[in-house]
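Hi,

Here is the structure I said I would pass on to you. Have a look at it first, and then read my notes below.

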Amino acid sequence: MATTNIENVTGISEDDWHNAANLLEGYGRLRIQMNKAFDIGVESLSGGGAGNAGLETHPSSGHVGHAVHSDKFNASGEINFPGGVVSPDVVDVAAAKSFGDTANGGTFFLETFGCQMNDHDSEKVAGLLLSRGYRQVETPEAARMILYNTCSIREKAAQKVFSRLGEYRERGADKIIGVLGCVAQQEGQDIFKRAPWVSLVCGSASYRKLPEMLAELEAGNKRVTGLDNDTDKTFETEITRRDNPWRAYLTIIEGCDKACAYCVVPHTRGPERSRGSESILREVRQLAELGYSEVQLLGQTVNSYVDPTTRRMKFSELLLAVAQLEGIRRVRFTTSHPRDFGADIVEAIDREPKLCDHIHLPVQSGSTKVLRAMARTYTREEYLEKIALIRSAARPISITSDIIVGFPGETDEDFAETLSMLDEAQYDGVFGFKYSPRPNTPSLTLNDPIPDVVKGQRLAMIQEKQRVIQTARNLAMLGQELDVFVSNKSRRENQWSGHATSNRVISFSSQEKELLGSYVRVKVTDSGTGSLVGLEVRN
């Protein structure tokens, strides 16, 4: 099974993190978020109530057990996928059987680090492997092939990958070890030097070549690489092993052209390249036919989408077209770049109720001086104009954001402007991070680094201010009725949880025996920093 590891940005120790995971109800991975009820589009299964203060559980990416909750696998053991099914009779079983010993032939374990796009890439990688006859297992010990889909957005995330690889220094002789994703693209063939027992290094821009690379591994090649980053093609597969039975990811744009001073994405993901609107709509239509009711459109800068087909759909037009497909009840998108965020997106949300009233709009800093040093292409005032545009919508739209503290040269005055940005923007949730220098980024040349202790203090101040703001905003929701998409059943009797269209997590009581995957009306009866509590409203 694939699991997702998110860097602990709250200052909680690794031991405490795992202890908390053991105490939480629900199943899947634990994600600790900075005092907030938003998970920006990942499949959240929250078993807690108003007092959780930002602790949420999420279903494990690639969790094999999801098949039992879903009609994506039929009674014959065939894999349903958009366009048909894959059965043991049509997959390349011979290739998989040749790739492993008699006990573990054709088995793979896939662990994912990082963002939703990595989660979705792993779904596609798993689908490709399944279509070739491989079998997904839940532990690396049971697998012949072990794959790590990696994140390099922060130093700690990259370090975790090499820590994992180090575990096979002495016991990896009978395993095929592969590094996928952003660390693979960033480190390239140097990974073979640091971990000679690794056999596959494949960057995210080369996933489309995975079938050929797998064929090389199956033929006995011990060093296989795919490190393109200038392709004009997106990664699409005929079969995707989707990890949630009701909610689906779709990547509509890959890469980034923005060149922010701190960011590795242009290096690891390559330039922006958009998927054709006809292909996107066809896949959403197929997903709806399979019973998916919510889709999330993904991209590092999703609203920078440029339709490469003759239809030339704008991003806002694509949102409306997806929402109008039969069977789709909710459409989400992330992450938006402020530069390309316009009134047409807000107008689309106002026009179409199926477009969720939540926008993730990273600000990174409240100081224009720091924003210029970051090469963010907008000023504080221009960003606040975007916030005012969203707040002027006909229906309330929740806004979440990202903030980096301790960027080189950030003064106390600059940081004070970031704190005041929280007051002005009144975010419903914030991801807070300490600046982490990354390879191949322009910020490495900047002087005046900020001591780590100061970064930690500033992050704590951001967290505390946002906690106060968020608690007040959630308190204002008391008495409101929300449409909730139910995604988790608690171990406690008659307790369920899910997301409102604003992406708020709400735990609620209901006497119904089965609600998973359904939409219910819930009245908010209590609130906290991290979530809401409510009671199902029966008509």
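Take the contacts in the protein chain between residues at least 6 apart in sequence: 74% of them join residues at least 24 apart. Keep in mind that this is a predicted model. The protein chain has 539 residues, and 61% of them are buried. You'll find 15 helices and 24 strands in there.

Let's begin with helix H9, which covers residues 277–289. With 13 residues, H9 reaches 18 Å from its first C-alpha to its last, and that is close to the 18 Å expected at 1.5 Å a residue. Which residues of H9 are buried? They are Ser 277, Ser 279, Ile 280, Leu 281, Glu 283, Val 284, Leu 287 and Ala 288. A handy thing to know when you read a list like that: an α-helix has 3.6 residues a turn, so residues three or four places apart point the same way.

And what do the buried residues of H9 pack against? There are strand E12 (247–251), strand E15 (294–298) and helix H10 (315–323). After H9 comes Gly 291, which has a positive phi, near 105°.

Now look at H9 together with H10. Their axes come within 10 Å and cross at roughly 25°. An angle under 35 degrees counts as roughly parallel, so H9 and H10 are roughly parallel to each other. Their crossing is right-handed. On the H9 side, the contact is made by Ser 277, Ile 280, Leu 281 and Val 284, while H10 brings in Leu 318, Ala 321 and Val 322. Sort the residues of this contact by class and you get six nonpolar, one polar and no charged.

There's another helix pair to look at, H13 (residues 380–391) and H14 (residues 412–425). These two pack at an angle of about 15°, and their axes are 11 Å apart. The same cut-off of 35 degrees for roughly parallel applies here, and H13 and H14 are therefore roughly parallel to each other. The crossing of H13 and H14 is right-handed. From H13, the residues making the contact are Arg 380, Tyr 383, Leu 384, Ile 387 and Arg 391; from H14 they are Glu 417, Ser 420, Met 421, Glu 424 and Ala 425. How many residues of each class does the contact of H13 with H14 have? Five are nonpolar, one is polar and four are charged.

Arg 351 sits in helix H11 (residues 343–351). Is Arg 351 buried or exposed? Its relative accessibility is 62%, so Arg 351 counts as exposed. If you leave aside the neighbours within four places in sequence, Arg 351 is in contact with Leu 320 and Gln 324.

Gly 226 is 17 residues away from Lys 209 along the chain, and 7.4 Å separates their C-alpha atoms.

Cheers

Conventions
Residues are numbered from 1 along each chain as its sequence is written. This is a predicted model: local features need pLDDT of at least 70, side-chain atom pairs count only at pLDDT 80 or more; totals for chains, interfaces and linings use all residues. Side-chain values use heavy atoms; hydrogens and water are left out. Helices (H or I, at least four residues) and strands (E, at least two) are DSSP runs, numbered from the N terminus. The expected span of a helix is 1.5 Å times one less than its number of residues. Buried means under 20% relative accessible area, exposed over 50%, partly exposed in between (1.4 Å probe, protein chains only). Contact means heavy atoms within 4.5 Å. Axes are lines fitted to C-alpha atoms, for helices over the stretch in contact, and angles run from 0 to 180 degrees between N-to-C directions. Angles under 35 degrees count as roughly parallel, over 145 as roughly antiparallel, 65 to 115 as roughly perpendicular and the rest as oblique. A crossing is left-handed if the near helix is turned anticlockwise from the far one by less than a right angle, and right-handed if clockwise. Ala, Val, Leu, Ile, Met, Phe, Trp, Tyr, Cys and Pro count as nonpolar, Asp, Glu, Lys and Arg as charged, and the others, Gly among them, as polar.
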